[in-house]
Amino acid sequence: MNIQAAEAPATVATLVMSGISKSFGGVAALTDVSLEVRPGEVHALLGENGAGKSTLMNVATGTIRPDAGSMVFRGEPIDGIDPRDATRLGIAFVHQHPAVLPDMTVYENLLVALPPAVFAEAPSREEFARSLLARVNLRAHLSDRVETLSVAQKHLLEIAKAIAVKPALLVLDEPTAPLGEDAVRMLFRLVREFVAGGTSVVYITHRLAEVRELADRVTVLRDGRLRATAVVDEISDRELLALIVGRQLDSTFPPKHDGPDEAPNFIIEGLTGPGFKDVSLTARRGEIIGIAGVVGNGQSDLLRALAGLSHFEGSVSINGTQVTSKRLLGEAAYLPADRLSEGLMMRLTVRENAAISALERFRTGRLLNRKRELGMVGDTLGSLSVKAASLDAPVSSLSGGNQQKVMVGRALLSEPELVLADEPTQGVDVGARAEIYQILREVSASGIPVIVASSDAKELEGLCDTVIVMSRGHVVDVLRGDDLTEERMIHAAVSSTTSTVGVEDITDADVDERTAVRRAKIRRFVQGDYAPAVLLVAVMVLLGAFIFAQNDRYLGAFNISAMLLLVSALGFIAMGQTIALLTGGIDLSVGPLVGFLVVIGSFFILNESSTASILLGFAAMLGTSIVVGLVNGTLIRYVKFTAIAATLTVYIALQGMSFILRPTAGGYINADISRAITTKIGPIPVAFIVLVLVVVALEYALRRTPWGWRLRAAGSDEESARRVGVEINRTVVLAYVATSVLTFFGAIMLMTQIGVGDPAQGVAYTLSSITAVVLGGTSLLGGRGTFVGTLFGAMLLVQVLNATVFLRLDQMWQYILQGILILAAAILYAVARSKRRRRAARKV
């Protein structure tokens with residue numbers, strides 16, 4: 001083995017990192033690590049999960065600030081950069097977990113992540129975006145929402161973003177983990193093209209075969225420290241493995257089952273469901289069944305059905321007992337391929353994620369026994385060598401491989417009747433792979449059937465006793481013994497001539513192109529942000545027709561004018577609430593802020609007031625709203641209050657100050673100002689026309705400007721948004737300022753309507769604004785919504801409240817109907833989102 005100290009290159013190194021150290025919560029992730037990457041080389045970066053590979057590259061790309069050390073890029077110091085600076089310098093990072101924004105479209109993801117200069121030379125931004133997708137073979141429409149893409153498609157989108165900047169340094173973190181064979185070949189071709197052009201590539205992987213195929217030099221990290229740098233051709237796999245794990249590994253795969261023939265303990269007969277048809281197989285105690293095939297040919301669909309997550313026909317027997325889908329849902333341990341969206345609850349801790357499926361085991365009477373839970377979870381995760389700061393650390397803070405091991409631990413703790421593993425070693429280091437393989441073998445030997453689906457044919461060859469090969473939802477071959485080879489699996493998968501099994505819809509191949517395009521457009525519209533607005537218009541028309549049939553004065557000029565004035569006040573406030581919700585937050589203080597601003601105005605904007613006093617009053621109201629927005633944003637982003645806690649605190653403070661300034665109603669608003677603001681053109685108030693113009697401007701900004709993209713990015717996925725260069729703190733703080741400023745305009749409308757400074761007025765706007773926004777289709781989770789929908793939501797809410805008068809209903813019905821509306825909107829949205837997620841899961 002020739003471990004080199006790297007001779008001085010003839011040209012300036014692309015990247016030099018010297019003495020990099022980084023700790024998280026007192027735990028050292030990197031300690032005095034140095035790395036040199038030369039022009040036109042592929043530099044492999046190896047190490048176990050948690051060794052510090054991704055952390056080192058996050059430092060290089062500005063996502064993480066190091067505690068110590070320095071960096072030089074192409075001869076220039078680059079200390080203190082952020083991800084956007086890195087992109088401008090020509091550093092691109094394809095993350096192990098794609099930095100994509102699920103609530104935004106494919107096209108919008110490109111616009112957020114890429115600097116404007118990237119699009120400058122293209123005839124149009126859309127044409128350039130399509131060419132990027134074509135270059136990475138990503139078959140997706142620019143208008144497709146990213147949450148509907150499969151895991152592999154999200155990775156291809158991440159790769160497309162990286163190659164768009166023509167990087168001088170390209171960092172690839174486990175890029176092939178979710179990709180099929182064709183996509184891997186495409187990626188390798190792109191890497192070779194870039195390297196031939198002088199680009200440097202840092203290639204993070206756990207697959208030594210890929211290192212041999214692509215890399216020129218290799219660096220190994222272990223426990224956050226540099227262990228060696230070597231020329232790939234001058235170091236053996238055994239030596240690399242010893243450096244990676246700190247010991248010699250005899251064999252990655254445990255011995256296969258070699259026991260006596262027994263009756264099968266797992267039998268599937270004629271299983272048919274969404275994405276697969278007529279699948280049959282048997283397994284005996286100690287045997288592991290593998291499922292092979294090109295990604296997306298029914299393997300994941302079959303596992304989901306066996307986990308009880310989708311309906312199937314046929315029979316499944318475990319240990320001689322036929323089981324139903326309902327029983328499988330409770331007794332099967334399922335490890336999904338997409339651990340981030342399906343496998344783990346990223347906001348919960350390591351302990352909570354591991355224990356969630358085994359709570360019955362921790363009970364003492366009706367209560368959970370904390371000591372028993374900690375002991376069993378700790379022992380299980382310890383046996384898997386999970387590296388975490390503590391059991392109560394957020395699972396999101398773990399490396400990808402350690403997250404995978406937490407899922408394995410959860411499966412073991414649940415004492416399942418059946419174990420189903422979809423890509424169980426995706427993103428897992430070689431040492432941990434051997435541990436997982438051994439655990440799966442031991443589980444099978446204990447009498448629990450184990451089914452493994454993997455895109456790695458070599459893994460299935462080494463681990464499984466029987467492998468079924470699937471193509472287009474059919475089993476096209478069953479391999480055992482000497483026939484179970486990588487070559488046989490690949491040949492069976494690519495030479496099949498079976499027809500595709502549909503999942504839900506008729507495929508585009510079954511219809512003419514024009515019909516397929518039309519269906520795709522309809523599907524994208526239904527899944528889009530504007531569908532709720534169309535539904536609200538239909539509801540308003542129907543409700544209006546019903547009320548008019550009961551009382552023909554409903555459409556009179558006076559009533560239309562009165563309703564639109566009410567919409568104007570609520571509309572401005574709801575627009576502000578929309579901005580807060582788009583960031584993933586909420587602003588409970590808008591109601592008391594409206595009342596407080598009216599109270600302030602009641603001291604300045606009076607009948608006897610001078611022009612200067614009136615202008616001072618409006619300025620004081622505007623200034624107060626800006627200050628309140630800054631306070632809300634600062635409490636949330638810098639003091640680390642939750643949005644509810646921060647804005648509730650301000651809610652109480654504003655309400656208290658309103659009553660301190662005016663214990664009772666007083667200070668009558670200038671009549672001329674009120675008349676001017678409530679001026680009408682026919683039955684239409686000018687203020688409502690202004691509101692519509694503001695809505696149009698805000699909607700344009702939301703869809704077409706960097707402000708709108710950043711706003712939705714922050715609410716869609718904060719960590720991904722940060723990785724692509726969005727300044728989260730600045731974006732959120734300014735969003736709350738905008739919320740308060742729009743509330744200021746709503747306060748002006750309320751002031752002219754009530755005509756007096758009343759501290760009790762305004763509070764109800766908190767609930768009303770949230771109701772209007774949710775009715776309009778804006779997500780309570782952030783990242784998705786429209787100002788147009790909010791406007792129609794406000795109009796429907798006012799219409800419903802107005803209807804109670806015309807229909808002679810008791811005032812109590814106002815609250816009942818308002819509650820029904822928001823509940824119905826929330827349920828409809830949740831159901832639609834759930835269907836989209838299930839549809840996306842079937843693509844994995």
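Buried here means under 20% relative accessible area, exposed means over 50%, and partly exposed is in between, with a 1.4 Å probe and protein chains only. A word on provenance. This is a predicted model: local features need pLDDT of at least 70, side-chain atom pairs count only at pLDDT 80 or more, and totals for chains, interfaces and linings use all residues. Residues are numbered from 1 along each chain as its sequence is written, and side-chain values use heavy atoms, with hydrogens and water left out.

Overall layout next. The chain has 31 helices and 26 strands. These are DSSP runs, numbered from the N terminus: helices are H or I with at least four residues, strands are E with at least two. The radius of gyration is 30 Å, close to the 28 Å from the globule rule for 844 residues, so the chain is as compact as a globular protein of that length. That radius is taken over C-alpha atoms, and the rule is 2.2 Å times the number of residues to the power 0.38. The C-alpha trace spans about 95 × 65 × 60 Å along its principal axes. Now contacts, meaning heavy atoms within 4.5 Å. Take those between residues at least 6 apart in sequence: 73% join residues at least 24 apart.

Two strands count as paired if DSSP finds at least two bridges between them. β1 (residues 15-24) and β2 have seven, in the antiparallel sense. One example: Leu15 has Val37 in β2 as its bridge partner.

Seven of the eight residues of α1 are buried, so the helix is largely enclosed by the rest of the structure. The buried ones are Lys53, Thr55, Leu56, Met57, Asn58, Val59 and Ala60. Just after α1, Gly62 takes a positive phi of about 85°.

On to β19, residues 418-422. Five of its five residues are buried. Both faces are covered: Leu418, Leu420 and Asp422 on one side, Val419 and Ala421 on the other. β16 (residues 332-335) joins β19 through four bridges, in parallel. There, Tyr334 partners Leu420. β20 (residues 450-453) also runs parallel to β19, with four bridges. Ala421 stands opposite Val452 in that strand.

Now charges. Side chains of opposite charge can pair when their charged atoms come close. A salt bridge here is a side-chain nitrogen of Lys or Arg within 4 Å of a carboxyl oxygen of Asp or Glu. How many does a search of the whole structure find? It finds 34 salt bridges.

First pair: Glu210 and Arg207, at 4.0 Å from N to O. Glu210 is buried, at 8% relative accessible area. Arg207 also counts as buried, at 19%.

Next pair: Lys387 and Asp223, with the closest N and O atoms 3.5 Å apart. Lys387 lies in the loop between α13 (370-383) and α14 (400-413), and Asp223 in the loop between β9 (217-222) and β10 (225-231), so this pair ties together parts 164 residues apart in sequence. Lys387 is partly exposed at 33%, and Asp223 is partly exposed at 46%.

Last pair: Asp392 and Arg370, at 3.7 Å from N to O. Asp392 is in the α13-α14 loop and Arg370 in helix α13, so the pair ties together parts 22 residues apart in sequence. Asp392 is partly exposed at 38%, and so is Arg370 at 42%. Salt bridges that share partners join Arg351, Glu352, Arg370, Glu373 and Asp392 into one network.

One last stop: Ser589. Where is it found? In the loop between α20 (557-582) and α21 (590-601). Ser589 counts as buried, at 0% relative accessibility. Leaving out residues up to four places away in sequence, Ser589 touches Val628, Asn632, Thr647, Val650, Tyr651 and Leu654.
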